[in-house]
Amino acid sequence: MAQTGMTPTDAIPFRLVRDTGTLAEGAAKLAGELRAAPVERVLADANRKAVRGGAPGSFGSMPRPSVWYAFDQGDQQTPDWYPQGLTCGADSGTIPVSVFLATWYFRPEAGERGIRLTFLSPTTLKYRHALLVEAAPDGSFKPIDIHAGGVACYGHLLYVADTTRGLRVFDLNHILDLTSVQSGVGDGTRIGRHGGLLHAFGYRYVIPQTDFWRVAVKGARFSFVGLDRTTTPHTLISGEYAEDHPRGRVARWNLELDGEPRDAHVMGHEKIQGAISHSGRWYLSQSAGSGANGRLIVYSGGAPARRQFPIGPEDLTARAGKVWSVTEFRNRRVVFGVNL
């Protein structure tokens, strides 16, 4: 297709159907046992510290942005966890503190540890991980083995991309503290109930899934998630990563979500890792592997503008006049913002 703009396409493949099942029941059972912590409390007792201006190698040959935050050395160097999704308190509209929220997936096949969510304060630089889990009606829980390629927060609900299935939903009113019923976090190698204690691979907080929006017909992929608060009503965004061809699509749904897509477009570029619309423009995050700079592609009518982006850029969010992303590769893991 000609590279002159986003091309409208059929939105029906992105139709979603609600499939709560026993998820709400399981989450409620677990929440009835454990005390919930608000986001501000999670940040207050955060146990890690980001580095302002750290991991500068993340930016390769591009001019460095005015602001970025690097994860600590343990999270920079681990070969096990990879950051993917990014949202923020401004997307939520209800979180009373400044915060970024990032999803990570666990790569090793043996001993699956699922997905986690990071709460990062750009004010204090403190951050903490929480484990996202699936709870059964009896209150038992297990890890969720997905890529978690994107995340968006709206109100108290967190939408996480499940590549072939749709959108998993978590409730930030259910950030549950294991230490509210026991003296510690349990065994770092276990999850669930063992020996009369609760375990979550050493994490203090678990967030159980409460809902699921599944694709009505298999075919559409959910590689990333974003939010646009400049539309009326506000819109949720998700789209497809396409490895070697430009046929990846992006779709939007009105919030509050009812499953019916508002519109869809063919993006016209391969390797798109994140997309948002904002004030009539589209912003696409394009990767180029672990050894080259990515690009930020901006559509505002006519031919797209292409800007240099860091190495390994992922999901996108908008905050304070900037478009923000997170990078995934070892020793190059940062949350950064550039002007919209």
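In which sense do strand S1 (residues 7–8) and S22 pair, and over how many bridges?

**Entry 1: the model.** I noted that this is a predicted model, in which local features need pLDDT of at least 70, side-chain atom pairs count only at pLDDT 80 or more, and totals for chains, interfaces and linings use all residues. Residues are numbered from 1 along each chain as its sequence is written, and side-chain values use heavy atoms, with hydrogens and water left out.

**Entry 2: the strands around S22.** I looked up the opening question and found that S1 and S22 pair in the antiparallel sense over two bridges. Two strands count as paired if DSSP finds at least two bridges between them. Strands (E, at least two residues) and helices (H or I, at least four) are DSSP runs, numbered from the N terminus. Proline 8 has histidine 265 of S22 as its bridge partner.

I then turned to strand S21 (residues 249–254), which pairs with S22 in the antiparallel sense over five bridges. Here arginine 252 has aspartate 263 of S22 as its bridge partner. The hairpin of S21 and S22 has six residues between the strands, and in this hairpin glycine 259 takes a positive phi near 95°.

I also checked burial in S22 (residues 261–266): five of its six residues are buried, so the strand is largely enclosed by the rest of the structure. Buried means under 20% relative accessible area, exposed over 50%, and partly exposed in between (1.4 Å probe, protein chains only).

**Entry 3: the whole protein.** I recorded four helices and 29 strands. The radius of gyration is 19 Å, close to the 20 Å that the globule rule gives for 340 residues, so the protein is as compact as a globular protein of that length. This radius is taken over C-alpha atoms, and the rule is 2.2 Å times the number of residues to the power 0.38. The C-alpha trace spans about 60 × 45 × 40 Å along the principal axes. Of the 340 residues, 57% are buried.

**Entry 4: aspartate 80.** I located aspartate 80 in the loop between helix H3 (73–77) and strand S7 (81–88). Aspartate 171 is 91 residues from aspartate 80 in sequence and 26 Å from it in space, C-alpha to C-alpha.
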